[in-house]
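Here's a protein to look at together. Take a moment with the picture before reading on.

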Amino acid sequence: MAKQEPGGDAGQHDGRVTGPLAGEPRRRHPVDAPWPRRVASWLAWWVILMSLWVALDDSLESDELLVGAGLSALAALAAEVVGHQADVRLRVRARWLPRALALPGQVAAQTFLVFAALARALVTGAPPPRGRFRELPARYGDDSPLGVTRRVLLTAGLSLEPNEFVLGIDAERGVMVTHQLVEER
């Protein structure tokens with residue numbers, strides 16, 4: 001295995017290796033997660049997956065609910081086992097959740113904006129809308145489970161909107177680089 005030199009870019013942040021490089025084994029922690037935490041993780045996965053089943057199946061028939069419950073249980077078990085094997089630990093703070101409640105409204109507004117620009121271009125023959133790159137202030141944080149979860153939620157939350165996509169977070173400058181399809185004023 002090659003030793004990572006300071007100044008390289010693979011798997012590094014601020015000159016230090018933040019994780020294994022591609023193909024390298026992960027370092028294992030001798031202490032396993034306690035069973036109550038693993039059961040809580042499985043239950044959270046099951047609730048999310050069962051909710052998705054009910055929303056997509058659009059039926060409250062008992063036989064379909066039983067099938068959904070069984071499949072959700074198996075998928076939740078797979079998610080928990082894979083997460084444990086990959087040593088992935090995500091942490092969510094309660095104060096982050098209210099911002100998530102605004103996402104459906106933001107997605108609807110951004111969808112309307114993109115389709116309005118498309119309709120305007122098709123109907124009037126106007127040139128396609130101009131996009132732009134933006135830099136938004138964003139603290140990178142540390143590599144703890146809480147810091148990683150925060151970055152994932154920041155990236156996913158903003159990229160969920162159809163008009164904007166996160167390209168990355170520049171830790172040195174403390175900015176998130178995004179691309180907007182239709183430039184907003």
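What follows is a short tour of a helix pair, a sheet and a pocket.

## Before we start

Keep in mind that this is a predicted model. The numbers you'll meet here were computed from it.

## Two helices side by side

Let's begin with helix H1, which covers residues 35-57, and helix H2, which covers residues 62-85. Their axes sit 8 Å apart, and the two helices pack at an angle of about 140 degrees. Angles over 145 degrees would count as roughly antiparallel and those from 65 to 115 as roughly perpendicular, so H1 is oblique to H2. The crossing of H1 past H2 is right-handed.

What kinds of residues make up the contact of H1 with H2? You'll find 17 nonpolar ones there, along with four polar and four charged.

## A sheet of three strands

Next up is an open sheet built from three strands, in the order E3-E5-E4, with antiparallel pairing. E3 and E4 are the edge strands, so to speak: each of them pairs on one side only. On average, neighbouring strands in this sheet are turned by 25 degrees against each other, if you ignore direction.

Now zoom in on the pairs. Strand E4 (residues 164-170) and strand E5 (residues 175-180) run antiparallel and are joined over six bridges. E4 and E5 form a hairpin, with four residues between them. In that turn, Gly174 has a positive phi of about 70 degrees.

E3 pairs with E5 too, again in the antiparallel sense and over six bridges. Here, Glu135 has Val177 in E5 as its bridge partner. One handy thing to know when you look at strands: in a regular strand, side chains alternate between the two faces of the sheet.

## The second largest pocket

Last stop: the second largest pocket, with a volume of about 770 Å³. Its lining has 29 residues, and those nearest the centre are Trp96, Arg99, Arg150, Leu153 and Leu154. Helix H3 (97-101), helix H4 (103-124), strand E3 (132-137) and helix H5 (145-159) are the elements that each give two or more residues to this lining.

By type, the lining residues divide into 16 nonpolar, five polar and eight charged.

Technical notes. Residues are numbered from 1 along each chain as its sequence is written. This is a predicted model: local features need pLDDT of at least 70, side-chain atom pairs count only at pLDDT 80 or more; totals for chains, interfaces and linings use all residues. Side-chain values use heavy atoms; hydrogens and water are left out. Axes are lines fitted to C-alpha atoms, for helices over the stretch in contact, and angles run from 0 to 180 degrees between N-to-C directions. Angles under 35 degrees count as roughly parallel, over 145 as roughly antiparallel, 65 to 115 as roughly perpendicular and the rest as oblique. A crossing is left-handed if the near helix is turned anticlockwise from the far one by less than a right angle, and right-handed if clockwise. Ala, Val, Leu, Ile, Met, Phe, Trp, Tyr, Cys and Pro count as nonpolar, Asp, Glu, Lys and Arg as charged, and the others, Gly among them, as polar. On a 1 Å grid over the protein atoms alone, a cavity is a set of points where a 1.4 Å probe fits but cannot get out, and a pocket is an open set with protein on both sides within 12 Å along at least five of seven lines; lining residues have an atom within 4 Å of a point. Grid points are joined across faces, edges and corners, and a volume is the space filled by probe spheres set on the points. Two strands pair if DSSP finds at least two bridges between them.
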